[in-house]
Amino acid sequence: MHKKNLDFQAVELKFDDEGRKFSGYASVFNGVDSYGDTIIKGAYEKTLASRERPIQMRWNHYGPVIGKWLSIEEDEKGLFVEGELTPNHSVADDAYALLKHGAIDGLSIGFYPKKWEENTDKGTRELKEIELVEISIVETPADIAAKIGSVKSVIEDAESFKDYEQILRDAGFSRSDSVSLVSGIKAMCQSDSDAKAQEAAAIAGIFQQFKTSVNR
């Protein structure tokens with residue numbers, strides 16, 4: 001799954017009087033981002049028209065669902081969204097406080113590219129059709145690659161899932177992200193004689209996803 005972040009200047013985030021509802025842009029058209037990608041108007045048309053399940057509002061892609069999207073639609077500028085943070089949800093409360101304070105970067109889409117056109121001379125591509133998976137409120141820590149490296153350096157010493165969670169916390173990941181990652185590892189592992197090898201493979205796969213998201 002690919003990810004694209006949009007900072008507050010582009011998001012144009014606005015809160016209503018009740019505070020829990022907000023609106024803004026999760027994606028904008030026709031600009032060239034840091035990966036050399038340009039999203040073309042109409043790229044979301046099919047994914048929005050033929051969905052079997054709602055698009056989730058997540059925390060940092062790997063964290064929990066923290067609210068719901070009330071409306072997602074394309075306009076002339078981009079993908080305009082209206083959402084509501086879940087009341088009495090601890091992570092949603094934290095996200096709300098950070099958004100209101102302007103302490104986090106904005107919104108990010110998780111997606112799979114379906115149709116695109118590459119310009120190999122310029123090293124760019126136009127995304128013409130996107131399968132939208134989720135839209136996250138994100139922190140976007142600048143030192144994520146360093147955190148991954150520090151995790152990998154001590155991962156071999158882990159004896160249990162609790163150790164894995166603590167290693168993530170020590171590396172700087174939030175509690176919710178650490179718990180979410182370890183839960184994913186548990187789900188991927190089977191309780192048999194090869195469990196330890198499966199744990200190692202699962203962890204390697206998850207961290208490879210982080211490395212891919214950083215290096216794109």
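Buried means under 20% relative accessible area, exposed means over 50%, and partly exposed lies in between, with a 1.4 Å probe and protein chains only.

Residues are numbered from 1 along each chain as its sequence is written, and side-chain values use heavy atoms, with hydrogens and water left out.

**Exercise 1. Confidence**

Find the mean pLDDT of the protein, and name stretches where pLDDT stays under 50.

*Solution.* 
- Start with the scale: pLDDT is the predictor's confidence in each residue, from 0 to 100.
- The mean for the protein is 76, and 65% of its residues reach 70 or more.
- Next, look along the chain: pLDDT stays under 50 over residues 141–154, for which the model has 20 contacts (heavy atoms within 4.5 Å) beyond four places in sequence.
- Residues 210–216 also stay under 50, and the model has 18 such contacts for them.
- A reminder for reading such stretches: where pLDDT is low, the predicted coordinates should not be read in detail.

**Exercise 2. The overall build**

Count the helices and strands, then work out what share of the contacts with a separation of 6 or more comes from residues 24 or more positions apart.

*Solution.* 
- Helices (H or I, at least four residues) and strands (E, at least two) are DSSP runs, numbered from the N terminus.
- On this basis the protein has seven helices and nine strands.
- For the contacts with a separation of 6 or more, the share from residues 24 or more positions apart is 64%.

**Exercise 3. A residue within β9**

Is V133 buried, exposed or partly exposed, and which residues does V133 touch?

*Solution.* 
- V133 is placed in strand β9.
- With a relative accessibility of 29%, V133 counts as partly exposed.
- Leaving aside residues up to four places away in sequence, V133 touches M1, R51, I55, Q56, G110, F111 and Y112.
- Pick out Q56: this residue is 77 residues from V133 along the chain, and their C-alpha atoms are separated by 7.6 Å.

**Exercise 4. Aromatic rings**

Count the aromatic pairs, and explain why the pair of F22 and W69 is edge-to-face.

*Solution.* 
- Rings of Phe, Tyr and Trp (its six-membered ring) pair if their centres lie within 6.5 Å; planes under 30 degrees apart count as stacked, over 60 as edge-to-face and the rest as tilted.
- This rule gives three aromatic pairs.
- F22 and W69 have ring centres 5.7 Å apart and planes at 75°, so the pair is edge-to-face.
- The pair links distant parts of the chain, with F22 in strand β3 (residues 21–28) and W69 in strand β6 (residues 65–74), 47 residues apart. Both residues are buried.
- Y25 and F80 form another edge-to-face pair, at 5.2 Å centre to centre and 70° between the planes.
- Again distant parts of the chain are linked: Y25 lies in strand β3 and F80 in strand β7 (residues 78–85), 55 residues apart.
- Y25 is buried, with a relative accessible area of 9%.

**Exercise 5. Charges over rings**

Which residue lies over the face of Y25, and which has its charged end over the ring of W116?

*Solution.* 
- The test is that NZ of Lys or CZ of Arg is within 6 Å of the ring centre and within 35 degrees of the ring normal.
- For Y25 the residue is K77, at 4.9 Å from the ring centre.
- For W116 the charged end belongs to R125, 5.6 Å from the centre of the ring.

Terms used: This is a predicted model: local features need pLDDT of at least 70, side-chain atom pairs count only at pLDDT 80 or more; totals for chains, interfaces and linings use all residues.
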